[in-house]
Amino acid sequence: MTRTIKIFDTTLRDGEQSPGCSMNINEKIAMAKELEALNVDIIEAGFAAASPGDLESILEVSRNVERPVICSLARCVEGDIDLANEALKQAKHKRIHVFIATSPVHMQYKLKMSEDEVIASIDHHVRYAKNYCDDIEFSAEDASRSDLDFLCKAYGTAIKAGATTINIPDTVGYMLPDEYAQRVKYIRENTPGVENVTLSCHVHNDLGMAVAISLAGVKEGIDQIECTVNGIGERAGNAALEECVMALKTRKDFFGVDCNVNNERIYHASHMLENITGVKISPTKPIVGANAFAHEAGIHQHGVLANRETYEIMTPESVGIPKNSIVLGKHSGRHAFEERLKELGYELDKDALNTAFEKFKLLADKKKTIADKDLISLVGGDYRDTDHGKYMLDRYVINSGDTITPTASVRISEDGELIEKVAASKNGPIEASYAAIESIVGKEITLEDYSLDSMTEGRDAQAYCKVILAVEGEKVTGKGVSTDIIEASIKAYINAVNEYFGE
């Protein structure tokens, strides 16, 4: 019987810790639903004790997702475990994931605990978590730099206390693939009861080998890969879900295992996350990058035209890259619009489809041809709607040039009341617009990051603006999309302000 590798997705927990990748609750729910459609086995929805926002987001994911196991991280602290259980109370299938560090450097300098104290903590807290649910995962933080015999003792203690999954993380991305495989082998051979639990890996990408290490672990008996969509995560990121999955599926002859992920949904999930976070996917990103299936060299083009297998080890269709068989423009009808959305992985109810089609028609008046990324911006942005909130853009007027000081007149609806302010800035019309908005909002706002990208090609391409603001010291992220770069910039700023006010 073929061994099935569980896919444990931590995009909403570890992935969100990546700078610039924070998500609001609606975005997390949208991403969780997409992970469910992707057919991952476990979704780590957050760290309940980290903040009230994390606890609430785990609750909401639990309410909105049915099939996967929903997991919350917790330190070996009773209060953390209590909050994890509270956050998971509506989950159809729940898991509490407890962890404590086991490396000498962590125990001495961070925990200030002896080996015996760590072992006692593992025993107590795994048993404590077991009172809440049967599915308990235990992680030995910094396992890659822990003494092997002590690590086996820690895992044996967790198993005896009731842990059902044992995670062997490379928290700092230190190991090489062969080293990690040897470590897994040693743990399997020297840990009492290990044959009765699921072995998991959680690898960071500091040396660029997170996927390779995870796969080396699978060859040596790892049954669960912890990963993130697009490989987002702290520092250099985590093992990329799409790369791990397609390696297992493409090289099934080598690994001899399977996984439950619907690989034809990978492209959609990847670009949905890109749209949510505003963090662009590199063109050379394996599996989902723009160049992953592109061929420029003449000899490659000749081979692919003769037989795609000459230079492609998988097909674009196998990861869900849609064929652009329908060209949409201002004369396109609702049926063609709906069909293209379905090809892109979006199936909308009647009201949502009507709203999206209206937006499409408005955009089609500005652009000759509507690209797939334009469509994704129309329907994929519903979880962070820039057209609704406490503050809404009504109109703006810009006066700018290289011989005058740029000015911006911005009129905004604040809870239905129109307010207009004018501001000037020698730094340009966008800075002037932001100064006008700040005077309307009446809060101390600092622009911490600003980025502007073209969503598609051509002079009529939509601009995608992303800003990170500090409003009264609280960091918030906003996005805006428009064919006008100033409008996109203003929308992003207002969107971030609305995020601060919880709109």
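A residue is called buried when its relative accessible area is under 20%, exposed when it is over 50%, and partly exposed in between, with a 1.4 Å probe and protein chains only. The model is predicted, so local features need pLDDT of at least 70 and side-chain atom pairs count only at pLDDT 80 or more, while totals for chains, interfaces and linings use all residues. Residues are numbered from 1 along each chain as its sequence is written, and side-chain values use heavy atoms, with hydrogens and water left out.

**Exercise 1.** Determine whether Ile 287 is buried or exposed, and describe its backbone and its place.

*Solution.* Begin with the accessibility: Ile 287 has a relative value of 9% and therefore counts as buried. Finally, look at the backbone, where phi of Ile 287 is positive, about 75 degrees, although the residue is not a glycine. As background, most residues other than glycine have a negative phi.

**Exercise 2.** Carry out the steps of Exercise 1 for Arg 235.

*Solution.* Arg 235 has a relative accessible area of 48%, so it is partly exposed. Its loop runs between strand E8 (224–227) and helix H9 (241–250). The phi of Arg 235 is near 55 degrees, again a positive value in a residue other than glycine.

**Exercise 3.** Find which residues of helix H3 are buried and what covers them.

*Solution.* In H3, which spans residues 78–87, the buried residues are Asp 80, Ile 81, Ala 84, Asn 85 and Ala 87. Seen down the helix axis, these buried residues fall within an arc of 160 degrees, so they line one face of H3; the arc is that of the directions from the axis to the C-beta atoms. Their cover includes strand E2 (42–47), helix H2 (52–64) and helix H5 (115–130), among others.

**Exercise 4.** Classify the ring pair of Phe 47 and Phe 99.

*Solution.* Rings of Phe, Tyr and Trp (its six-membered ring) pair if their centres lie within 6.5 Å, and planes under 30 degrees apart count as stacked, over 60 as edge-to-face and the rest as tilted. The whole structure holds 10 aromatic pairs. For Phe 47 and Phe 99 the centres are 6.3 Å apart and the planes stand at 75 degrees, so the pair is edge-to-face. Because Phe 47 lies in strand E2 and Phe 99 in strand E4, the pair ties together parts that are 52 residues apart in sequence.

Definitions and conventions. Helix = DSSP H or I, 4+ residues; strand = E, 2+ residues; numbered from the N terminus. Contact = heavy atoms within 4.5 Å.
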